[in-house]
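Reader: I am new to protein structures, so please take me through this one step by step.
Author: Gladly! Let us begin with a look at it.

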Amino acid sequence: MNGTLKKELLGSGAAVVGVALLRGALGKEIAHLETAISIGVDRKLNEDTISLLVSLQKKAAQYLKRKGYRYLCIPPDSDRIKNTFVSKLYPLFTHKMAATSAGLGWIGKNGLLISPDFGPRLSLATILTNAPLQAGTPIEFSLCGDCGMCMEFCPSDAITGEEWSRREPYSELIQMDRCASHKKKSKALHGKPNCGLCITICPYGRKPYKNDPENSFVQTE
Amino acid sequence: MITEEKKKELLERLRNAVIQYDEDTSKEASQEVLDVGMDANDAIFNGLVSGMEEVGRLFEAQEYFVPELLMCADALYAGLDILKPHVTQLDLGVRGSVVIGTVEGDVHDIGKNIVKMMFDVAGFTVYDLGRDVPLDKFVEEQLRTDSDLVCLSAMMTTTMTGMKKVIDDLRTKNPNVKIMIGGAPVSADIAEKWGADGYAKDANNALKDAINMISSLKKLKEEAEAKKK
């Protein structure tokens, strides 16, 4: 059953699909939905990315429903409708937790999911279910190593340089107030809060420059 | 004019959309109800609400859990949003308004929202104060809106004592108002001791109570219609 669903999702535009077993890690209301399917699509952060993600999620949900399993869709962060009943359950679970538990990647110094193939350039959605799916191996430690490019390039000095590991889930990777204040400033300056340098700069999964494919890594010196 | 068969089919589709927590079908079928000129009241009570009654049963039988219950509620609202503007106001003799909220310090509002939904469906005007509501606000809002009913919810033993204060305040200002309290730590004894008129133990019971209420409203509506004929 793993194979069929995964193939269908990958064939419909998902970049990565993973399965995580979360026994004992969930709140009481959703404790019976102990398997998480994590879907990531290439992050372009426009309308299409989100609607693709939502449609993939619906596809998986329909598949599970047909087979008679229970499920709960946790929509992509930017598409959470706040005033629905189900929205009360969203904060009980995070997409990054599902993705690292499924072995899709680790949490980088920039606080984002880093996939070996796509780097931090993934948008995520999660489906919790009680279907017995074959789970992947969780990733326990950061594989960022000595790289600190996101830290060097961050315009607001928000990245502390701490390394993530599942053992110490509460170490502070990002000083959120700094990141937020930078976005606020940038919004006042040119109307958009966009920054995203820590995503652009990450060497994992970065595409070669169009004009100079040989020299795809930025020289920091 | 719409045929009986078509009507039955649409009601069945609405009902199943709620039971199957299928928001898209709920919207489609509701739109179709309006397109073919079917009575919106009929569609709500015999379609959507009838589905929610079944959901209540499934929840009680532990076939559905909280996630399903909430998804069903969303499906119901998806249809209700489309149908509601076309509802002709029913004269049920019990038309009223209700002030509802979760008391200060408490942010657990799933149960409150389910109860609110049931009042919404039953045609009450609902003044939802949300969660973590300052205690004075309940009294203020009741006086402002002259509501018949005030519903208080608390999920923690530390916050539930706030309900007693609200009840006392309400009683001194307005002896006639009906008060319902609910939430996990509340019991029938406490409700009586504190002078509340009604109580619902948890979301499950609140749902059951609210469904009973709607069922009796439905009966009243049918009787009213029978009289007309």
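**From a loop to the whole**

Reader: In which loop of chain A does Asp157(A) lie?
Author: Helices and strands are DSSP runs numbered from the N terminus, with at least four residues for helices (H or I) and at least two for strands (E). Asp157(A) belongs to the loop of chain A between α4 (149–153) and α5 (176–190).

Reader: Which pLDDT do local features need in this predicted model?
Author: Residues are numbered from 1 along each chain as its sequence is written, while chains are lettered from A and ligands numbered from 1 in the order in which they are written. In this predicted model, totals for chains, interfaces and linings use all residues, side-chain atom pairs count only at pLDDT 80 or more, and local features need pLDDT of at least 70.

Reader: Is Asp157(A) buried or exposed?
Author: Asp157(A) is not a glycine, yet its phi is positive, about 55°. We count other C-beta atoms, placed from the backbone, within 10 Å of a residue's own: 20 or more is buried, 12 or fewer exposed, and in between partly exposed. With 12 of them, Asp157(A) is exposed.

Reader: What is the phi of Gln62(B)?
Author: Gln62(B) lies in the loop between α3 (40–60) and α4 (66–83) of chain B. Since 8 C-beta neighbours are inside 10 Å, Gln62(B) counts as exposed. Although Gln62(B) is not a glycine, its phi is positive, at about 60°.

Reader: What is the radius of gyration of chain A?
Author: Chain A has 6 helices and 6 strands. The radius of gyration is taken over C-alpha atoms, and the globule rule is 2.2 Å times the number of residues to the power 0.38. For 221 residues that rule gives 17 Å, so chain A is as compact as a globular protein of that length, with a close value of 18 Å.

Reader: What percentage of the residues of chain A count as buried?
Author: The C-alpha trace of chain A spans about 55 × 40 × 35 Å along its principal axes. Among its 221 residues, the share that counts as buried is 36%.

Reader: How far apart are the C-alpha centres of the two domains of chain A?
Author: An automatic or database domain assignment sets the bounds, giving domain 1 (2–129) and domain 2 (149–215) in chain A. Residues are in contact if their C-beta atoms, placed from the backbone, lie within 7 Å; here 15 residues of domain 1 and 14 residues of domain 2 take part. The C-alpha centres of these domains of chain A lie apart by 23 Å.

Reader: How many residues of chain A are in contact with chain B?
Author: On the chain B side, 10 residues take part in this contact. On the chain A side, the number is 11.

Reader: What is the strand order of the open sheet in chain B?
Author: Two strands pair if DSSP finds at least two bridges between them. Strand β1 (residues 97–102) of chain B pairs with β2(B) in the parallel sense over 4 bridges, and Val98(B) has Val126(B) as its bridge partner in β2(B). The open sheet has 5 strands with parallel pairing, in the order β2-β1-β3-β4-β5 (chain B).

Reader: Which are the edge strands of this sheet of chain B?
Author: An edge strand of this sheet pairs on one side only. In chain B, that describes β2 (125–128) and β5 (198–200).

Note on methods: Two residues are in contact if their C-beta atoms, placed from the backbone, lie within 7 Å.
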